Amino acid sequence: MTVEFLPSVLRGEVSLPSSKSIFQRYLIAAALADGESILHGVPDAEDVQATIDCLSALGADIRQEG
């Protein structure tokens with residue numbers, strides 16, 4: 001199977017499950033994406049915080065509320 005991705009602008013909201021490992025992937029994807037990403041319901045876990053700290057150290061501008 002061949003999948004081709006063409007440049008486009010996507011907009012919208014997605015409801016995500018609250019799984020630590022999935023949320024770490026969402027954080028990485030958000031850090032790589034253009035523009036601003038807002039994630040709600042981020043699990044309060046050490047490994048998730050470690051991912052946030054790592055992405056921040058790599059230059060991602062991450063703001064946490066709550």
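Axes of packed helices are lines fitted to C-alpha atoms over the stretch in contact, and the angles run from 0 to 180 degrees between N-to-C directions. In this predicted model, helices α1 and α2 pack at an angle of about 15°, and their axes are 9 Å apart. Because angles under 35 degrees count as roughly parallel, α1 is roughly parallel to α2. The crossing of α1 past α2 is right-handed.

The contact between the helices involves K20, Q24, L27, I28 and A31 from α1, which meet D47, V48, T51, I52 and L55 from α2. Sorted by class, this contact of α1 with α2 comprises 6 nonpolar, 2 polar and 2 charged residues.

The model contains 2 salt bridges, listed below.

| Salt bridge | Closest N and O atoms |
|---|---|
| K20 with D47 | 3.7 Å |
| E36 with R63 | 3.9 Å |

The pair K20 and D47 links distant parts of the chain: K20 belongs to helix α1 (residues 20-32) and D47 to helix α2 (residues 46-57), 27 residues apart.

E36 and R63 are both exposed.

Key: Residues numbered from 1 in each chain as written. Predicted model: local features only at pLDDT ≥ 70, side-chain atom pairs only at ≥ 80, totals over all residues. Heavy atoms only, no water. Salt bridge = Lys/Arg side-chain N within 4 Å of Asp/Glu carboxyl O. Helix = DSSP H or I, 4+ residues; strand = E, 2+ residues; numbered from the N terminus. Buried < 20%, exposed > 50% of the residue type's maximum accessible area, 1.4 Å probe, protein only. Parallel < 35°, antiparallel > 145°, perpendicular 65-115°, else oblique. Left-handed = near helix turned anticlockwise from the far one by under 90°. Contact = heavy atoms within 4.5 Å. Nonpolar A, V, L, I, M, F, W, Y, C, P; charged D, E, K, R; others polar.
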